[in-house]
Amino acid sequence: MTSVSTTAGADAVGRRGAALVVLCFVQFMLVLDDNVVSVALPSMRDDLGFGAAGLAWVVNAYFLAFGGLLLLFGRMADLLGRRRVFLTGVALFGAASLVCGLAQEPWQLVAGRFVQGAGSAMASPAALALIALLFPGSAERARAFGIWGGIAALGGTTGLVISGALTGLASWRWIFLINLPVALAAVVLLPRLVPESRAGRAARLDVPGAVLGTGALVALVYGLLRAGESSWGDATAAGPLVLAVVLAVAFVAVEARAAEPLVPLSFLSFRFRAVANGATLLFSAAMYAMAFLLMVHLQTVLGYRPLAAGLAYLPYGAGILAGMWLSSRAVARLGMRPTLVMSFLITAAGLLLSGVAPDDGYASGVLPGMLVTSIGCGLSLPALTVAALTGTTEENAGLGSAVLSSVQQIGGAVGVAVLVALATRRRDGLTVEGSQYAATEGFSFALVVAAVLVALGAAVIAALLGRARPPEGTPDV
């Protein structure tokens with residue numbers, strides 16, 4: 001009898017491990033498509049005849065759908081079934097990738113990218129919720145999130161390299177077509193590895209809340225994208241941002257009265273998760289902006305070609321993997337709060353080190369700060385994910401994952417819009433000193449601001465996370 005139960009337990013562990021591998025490879029694919037088009041944009045423009053304004057929407061359509069629909073689909077995963085929503089999202093993403101790869105007109109590519117973003121918004125929070133439920137113990141959950149985050153980091157850091165190689169050696173269309181085998185494998189394998197899970201009690205989707213919440217997120221993301229392209233005072237940016245505030249206020253009012261709200265206010269006000277999501281907002285703003293500014297610096301100041309710039313960014317991915325390997329061990333030994341404070345301070349120090357002088361090269365100027373930042377980032381990501389999903393259950397795991405993903409996307413959009421504008425303003429104010437000097441000063445100034453944001457996140461965690469009592473089973477803070 002004991003041997004039978006032991007075999008059954010081993011089989012269950014094996015299925016969980018295999019499911020984690022499948023979910024991580026899908027996440028790799030989704031994150032890859034966040035930035036994989038960047039290098040290929042000139043080739044797309046030449047082949048399909050894009051105008052300058054239309055070309056930007058090859059990138060923006062993805063982020064608009066992804067960031068705007070996360071909350072809606074995260075809650076739908078809880079109500080309709082997380083495995084079902086995940087598989088639907090992966091299938092949708094795969095079909096949209098095929099449309100993008102075969103596009104013959106600009107509108108077809110932009111439409112395909114929008115649908116890709118919608119598929120990501122379905123699959124990503126559902127996958128994170130499945131991992132949270134597959135690995136309920138605090139230590140095993142931290143390890144699983146470390147693996148998940150490491151694979152995601154590889155997707156983010158290798159996207160430019162893969163895009164450059166495929167575009168240069170074959171065609172830009174292959175950056176989309178390579179998604180098809182991954183999507184197909186996930187649709188075939190995951191139903192055999194993961195049981196369906198949904199909220200334990202029957203509930204209906206809060207339609208007014210869904211409309212207002214989705215509208216607010218879409219308006220916010222669109223306004224931030226426009227602000228990054230033009231300015232904060234431009235009507236095309238200010239109008240959507242004001243609309244986002246109005247819709248958000250209406251959303252809170254509706255949710256406070258709804259019998260079955262899309263996002264229960266008690267869920268958002270749970271202090272431990274609220275502190276973790278607030279810190280994630282600051283952290284994401286700094287790190288998204290750093291990644292964007294670093295790529296610009298490598299190509300415009302150091303003169304690297306796109307593929308070389310992508311390869312120069314690979315040590316960042318290696319540092320993140322090292323930090324993530326340490327993260328679960330640090331949480332187990334030190335506790336959640338000390339690990340997060342330490343990791344945020346390491347990241348802030350790395351950002352300060354990344355501020356380079358005009359005559360610094362890659363090895364002497366960029367690389368040291370990049371490595372320190374990446375280790376701090378790797379330490380932070382799994383612990384932040386565990387903290388942000390603390391206390392989530394069968395009822396709301398998808399919602400918790402969607403809130404975290406939404407915070408990351410919004411933080412990233414705010415960071416890029418604000419810090420790139422600050423870098424540009426600093427650069428333009430120093431043009432009399434020479435273009436190389438001015439560009440480097442703008443880059444360094446923005447990274448100092450990013451370091452301040454991360455240090456502020458450390459202060460928030462140190463001051464508030466320790467007073468927020470996590471549920472039973474969470475690592476000590």
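The model is predicted. Three aromatic pairs are present in the structure. One of them joins helix H12 to helix H15, so parts 61 residues apart in sequence are tied together.

**Helix H15**

- Helix H15 runs over residues 336-353, which makes 18 residues.
- At 1.5 Å a residue, this helix should span 26 Å.
- An α-helix has 3.6 residues a turn, so residues three or four places apart point the same way.

**Aromatic pairs**

- A pair of aromatic rings is described by the distance of the centres and the angle of the planes.
- Trp172 and Phe176 make an edge-to-face pair. Their centres are 6.3 Å apart, with 85° between the planes.
- Trp172 has 2% relative accessibility, so Trp172 counts as buried, the limit being under 20%.
- Phe176 is buried as well, because its relative accessibility is 0%.
- Phe283 and Phe344 make a tilted pair. The distance is 5.0 Å centre to centre, and the planes stand at 35°.
- Phe283 belongs to helix H12 (residues 271-300) and Phe344 to helix H15, so this pair links parts that are 61 residues apart in sequence.
- Phe283 counts as buried because its relative accessibility is 3%. Phe344 is buried, with a relative accessible area of 0%.

**A charge over a ring**

- Arg329 lies over the face of Trp325. The distance from the ring centre is 4.1 Å.

**A nonpolar surface patch**

- Leu184, Val188 and Leu189 make a nonpolar surface patch of about 260 Å².
- Val188 sits in helix H8 (residues 179-193).
- Val188 has 39% relative accessibility, so Val188 counts as partly exposed. That class lies between the 20% limit for buried and the 50% limit for exposed.

**A contact across the sequence**

- Phe73 is part of helix H3 (residues 52-80).
- Phe73 is buried, with a relative accessible area of 14%.
- Phe73 and Gly398 are 325 residues apart in sequence. In space, their C-alpha atoms are 8.3 Å apart.

Conventions
Residues numbered from 1 in each chain as written. Predicted model: local features only at pLDDT ≥ 70, side-chain atom pairs only at ≥ 80, totals over all residues. Heavy atoms only, no water. Helix = DSSP H or I, 4+ residues; strand = E, 2+ residues; numbered from the N terminus. Expected span 1.5 Å × (residues − 1). Phe/Tyr/Trp six-rings, centres within 6.5 Å; stacked < 30°, edge-to-face > 60°. Buried < 20%, exposed > 50% of the residue type's maximum accessible area, 1.4 Å probe, protein only. Lys NZ or Arg CZ within 6 Å of the ring centre and 35° of its normal. Patch = residues over 30% accessible without salt bridge, like charges linked within 9 Å, V, L, I, M, F, W, Y side chains within 5 Å. Areas by Shrake-Rupley, 256 points an atom, 1.4 Å probe, with all protein chains shown as cover. Salt bridge = Lys/Arg side-chain N within 4 Å of Asp/Glu carboxyl O.
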